[in-house]
Amino acid sequence: MTRDGGRVRSMGFRVGDRVIHRAFGEGLIVEVRERDGFEVLEIAFADGIRRLTSLYPLEPARGVGRATSAPAVSAASASPAFRLGTEFPNRGKFRIAAGAEELFQRLVAGPYDPARDHEIRLRVERYTLHRGFDRLLCIDRLRDVQKYEHQIQAAITVLRRMRGRALLADEVGLGKTIEAGLILKEYLLRGLVQRALILVPASLVEQWDQELRRKFDLEFAVLKHGTAWWEEPLLLASMDTAKLLRHRDKVAAASFDLVIVDEAHRLKNQKTLAWKFLDRLAPRYLLLLTATPVQNDLHELYNLVQLLRPGLLGTYRAFGREFMRRGDRRMPQNTGRLATLLGETMIRTTRRSTSIRFPKREVTNVLFDLTEAERGIYDDVSRLVRRLVQGNKDSRRGAIKLTLLTLQKEIGSSTFAAVPTLGKLLVRELPGPARTELEELLRRARAIDSNSKYEGIARFVETSREKVVIFTQFRATLEFLARSLRAAGVRTSVFHGALSLREKEEAIAQFRDRSRILVSTEAGGEGRNLQFCHFLVNYDLPWNPMRIEQRIGRLHRLGQTHDVHVFNFSARNTVEAYVLEIVHEKINLFRSVIGDLDMVLGPYAEAGSFDDAVFNVWANARGERDMEREFGKLGAALSVGRKRYDAVEELDRRLLDGLDDGDS
């Protein structure tokens, strides 16, 4: 054997050589096939043709032919390097070619990779051998994903026919995120994508992160200022963060193979920084996700397609002349031709085209009267918050404002939740009347050992045997609920962000198999499959409707087979009661799925801004009438946003679902 460029190859035997085999005698080589490091020989012996390898010691027939291999050496006379505690098989003589000694030394000395690494490498190599996309290799490598035919077919269509560049425009609730995840996972498994970027609204970063981890076993780095995020092969970021001046050049320079954009209707205008930023990235594969690609003008659809397949719909003006009705920029003409072109890059599945049953939401709002002690401390804490906000300009900014906002939320959840924050405020306060007031509030909060809203939980446990998820924002409220339920003999599991990954898995398994109640914080809900349960209690209400929807979405989602019953708990004359009236009466959040809550929230869509708006109304109100008027304005703004969302959804339904009805 010799080494050629690091590859060991055999040499020596040729057709026509005569050799002697110890068992079969003299023979004639009639065929030689090279393999990596040896040869397969077909030799004609007296009793017939046999297939042997050149690894078996063969001697040239004496005086016939030519010497074909290196001199034979016995194991006893081999180089000391060949005798490093390892003996060769007792097969008489063998040959040593150039480089073989070095190779053997490496084999003996090690080190060796773990067998599992070898198995993984073999699996990867097998994946790369699959050239076509007739089936998805990733299907068997998903977790907690119910596989729907429309999602699988959408992924295969994008991979095979659309070459990884597509507008996924399924109706709300059909799982566009899963379709995008399937395509991403498939490309990664086949080695066709090394670097991937996912751009989403800021409010959805956490949800995407959890879904990718739980369902697709993909660990994405989240773009944050001050970290070397550009070195990460898998990156998740909000569009607003990624397009910032200090980030955009590094993102573009990272040369991502695949980019996924959620809520892609935000790219509807070619003149915006977001559209130009994405166009600059120029990835090989691009997925745009939106259920409402058209909101005001068919040119918005054109601009999305232009990112995916530049020139597919012609020029900007030519598109308008050929496909837009004069006098109505939202409705198409020549729909047959437009449908054919869009079919090359857009996939839209409607609910009625599937056999999936979509469960209803049954909503019950439950109002409670606080006890005298609870009412007193709630009102006194609210007065303290208002006095600090209205009397100190500095309290409108920074840490103190966040502390007061948190305290107001906590006292609305339970007195147990408010105790830690009252303690923090007390530590900061110097001796004087204010400190005395805080000490008294803290004492009163600690003296209360129950909560009025718990009566609703107790009644549910007594009258129903159903499993139920109870959501709360605060760990102290969670612990009170778990303690009270267990004292009542009810099997209860808890789920919160401080649990380890293993403890979280065990909590979900325990709830599924043995417990009746799961008490969970916000962090507990994301990405977990809870469809086996269909009763939910919002023990306290987040002020942001986005958070409420995310809670309900843990149960009311694709795969749920029962109607979902939602119980919203609130106490009269509290912030939560006002929030409940807004989200229930003004935007009807609880009874229907809203695909793009950002559109409804409008200027309050940014993380924390709706919470700030609610807090500002509550903390700055000069009286009951003033507060009702300001909350009314906030509700009216959301009502306008809801009507706009409904109009856009109906427009897209008529436009996109009607494209296949033929030319008009």
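Val-222 has Leu-236 as its bridge partner in strand 13. Strands, like helices, are DSSP runs numbered from the N terminus, a strand being E over at least two residues and a helix H or I over at least four. The model is predicted, so local features need pLDDT of at least 70 and side-chain atom pairs count only at pLDDT 80 or more, while totals for chains, interfaces and linings use all residues. Residues are numbered from 1 along each chain as its sequence is written, and side-chain values use heavy atoms, with hydrogens and water left out.

Two strands are taken to pair if DSSP finds at least two bridges between them. Strand 13 (residues 234-238) also runs parallel to strand 11 (residues 196-200), to which five bridges join it. Here Leu-197 stands opposite Leu-235 of strand 13. Strand 13 is mostly covered, with five of its five residues buried; buried means under 20% relative accessible area, exposed means over 50%, and partly exposed lies in between (1.4 Å probe, protein chains only). Leu-234, Leu-236 and Ser-238 point one way from the strand, and Leu-235 and Ala-237 point the other way.

These strands are part of an open sheet of seven strands, ordered 12-13-11-14-15-10-18 with parallel pairing. Strand 12 and strand 18 (346-347) stand at the edges with a single partner strand each, so one side of each has no neighbour in the sheet. Strand 18 runs parallel to strand 10 (residues 165-168) and is joined to it by two bridges. Within this pair, the partner of Leu-168 is Ile-347. Helix 9 packs on the sheet, where it touches strand 10 and strand 15, and its direction makes about 150° with that of strand 10. Helix 5 (residues 205-216) lies across strand 11, strand 12, strand 13, strand 14 (258-261) and strand 15 (285-289), and runs at about 155° to strand 13. Contact means heavy atoms within 4.5 Å. Axes are lines fitted to C-alpha atoms, for helices over the stretch in contact, and angles run from 0 to 180 degrees between N-to-C directions.

Helix 10 (residues 316-323) has Phe-319, Gly-320 and Phe-323 buried. Seen down the helix axis, the buried residues fall within an arc of 100°, so they line one face of helix 10. The arc is that of the directions from the helix axis to the C-beta atoms. Arg-317 and Arg-321, on the other side of helix 10, are exposed. The buried residues of the helix pack against helix 9 (298-308), strand 16 (324-325), strand 17 (328-332) and helix 11 (335-342).

Another open sheet is formed by six strands in the order 19-24-23-20-22-21, and its pairing is parallel. Its edges are strand 19 (361-368) and strand 21 (492-495), each with a single partner strand, so one side of each is left without a neighbour in the sheet. On average, neighbouring strands of this sheet are turned by 20° against each other, direction ignored. Strand 20 (residues 468-471) pairs with strand 22 (residues 517-520) in the parallel sense over four bridges. Ser-520 in strand 22 is the bridge partner of Phe-471. Helix 17 (residues 475-487) packs on the sheet and touches strand 20, strand 21 and strand 22, its direction making about 170° with that of strand 21.

Helix 16 (residues 454-463) lies across strand 19, strand 20, strand 22, strand 23 (535-538) and strand 24 (564-571), and runs at about 150° to strand 24. Ala-458 is found in helix 16 and is partly exposed, with a relative accessible area of 24%. The C-alpha atoms of Ala-458 and Ala-488 are separated by 8.7 Å, although the two residues are 30 residues apart along the chain.

The structure holds two cavities of 30 Å³ or more. On a 1 Å grid over the protein atoms alone, a cavity is a set of points where a 1.4 Å probe fits but cannot get out, and lining residues have an atom within 4 Å of a point. Grid points are joined across faces, edges and corners, and a volume is the space filled by probe spheres set on the points. The largest cavity contains about 100 Å³ of space. Its lining has 13 residues, of which Leu-370, Tyr-378, Ile-411, Gly-412 and Asn-451 lie nearest its centre. Helix 12 (372-391) and helix 13 (398-413) are the elements that give two or more residues to this lining.

Terms used:
On a 1 Å grid over the protein atoms alone, a cavity is a set of points where a 1.4 Å probe fits but cannot get out, and a pocket is an open set with protein on both sides within 12 Å along at least five of seven lines; lining residues have an atom within 4 Å of a point.
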